Amino acid sequence: GNSATGLDVLSKIVYISATASDSKKDDLYVVDATNGEDPFVVGSTNTGPGLNGVDAAGTYAYVANNKTSDQLQIIDVSNQSAPTSTSSFTLPGVSGSGAVGWSVLYYGGKVYISTKKASGPEFHIIDVSNPASPASLGSKEINADVNAITINGNIAYIATSDTEELKALDISNPASIVQVGGYSAPGDSEDGKSFSIFGNKLYMGRLVGGDHDDHHELHILDISSSTTPQNLGSKDIAASVNGLVIRDGLAFLGTSDSNKEFQVWDVSNPQDIEFWSSFNFPQVATGVDYEDNLVYVSVRSNDALRIVTSQ
């Protein structure tokens, strides 16, 4: 009765965020996938109306809640069979129907969390060095949905619904976040949706759409200069790329394609991206993670978790 919205994997323990039509249902699940052929739910908890994202680190899961207050919740998962809430935090200065927790990332004692387009800042940096007492360090108004966040040193890259789908933010001083670069892909109807960084390359997935000639949903960018990301190549996937990870010259994509929700593409040559293989899942893939030659995919169906490996 739940739809998975994302996942994060730590040492073969999978943390899955979910939403359901009934807010009384659990929305964070802990799955033991030590045996990849026989994963099982260890524990779960209900945080409220549902979750739009999760990132886990240490003994905590940081979740983006689908409501306009307490958008960040910190869940103690030290006892995997009984996850418990440690704290919740309402993002300051943001309001309106879009002010829901949307994307979340833990990095270096801080949580980077976003909302959809709202009144006020959509991008926030939260100090979680004391999980019981999170504190705001800074925020920035983007005036767009912020669909994904990734960090590279002092630069935060965000995927947005703006015509400039990629924005690069200098976060060295969280109290004064400054945009230092960006990239606008051809056409303005496909939002930036997902990210993966590998070396000096950033791989960006977009939502499907548009009637222009270059409606490509997968873009490879050179980010050796954060101020001027350069497009190295792109590909028309003909589906939304909701999640992606890169390993050994291959891109593993979670997509909205009704026949190929999971796709693998050879991206070793960014100017000649080639199809590799795919799987048909029951519903849209919403997130992807990778660990030890296993790809973990969250799916918007009762079969919420798929684990894929090579033969």
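Guide: Strand 2 and strand 3 (residues 28-32) run antiparallel and are joined by 5 bridges. Strands here are DSSP runs of E with at least two residues, numbered from the N terminus, and two of them pair if DSSP finds at least two bridges between them. Within this pairing, Tyr 15 stands opposite Val 30 of strand 3. Please keep in mind that this is a predicted model: local features need pLDDT of at least 70, side-chain atom pairs count only at pLDDT 80 or more, and totals for chains, interfaces and linings use all residues. Residues are numbered from 1 along each chain as its sequence is written, and side-chain values use heavy atoms, with hydrogens and water left out.

Now turn to the partner of strand 2 in another pairing: strand 1 (residues 3-10) is antiparallel to strand 2, with 7 bridges. As background, strands of a sheet pair through backbone hydrogen bonds, either parallel or antiparallel.

What about burial in strand 2? Of the 7 residues of strand 2 (residues 13-19), 6 are buried, so this strand is largely enclosed by the rest of the structure. Buried means under 20% relative accessible area, exposed over 50%, and partly exposed in between, with a 1.4 Å probe and protein chains only.

For another antiparallel pair, look at strand 13 and strand 14 (residues 155-160), joined by 6 bridges. Ala 148 stands opposite Ala 159 in strand 14.

Conventions. Helices (H or I, at least four residues) and strands (E, at least two) are DSSP runs, numbered from the N terminus.
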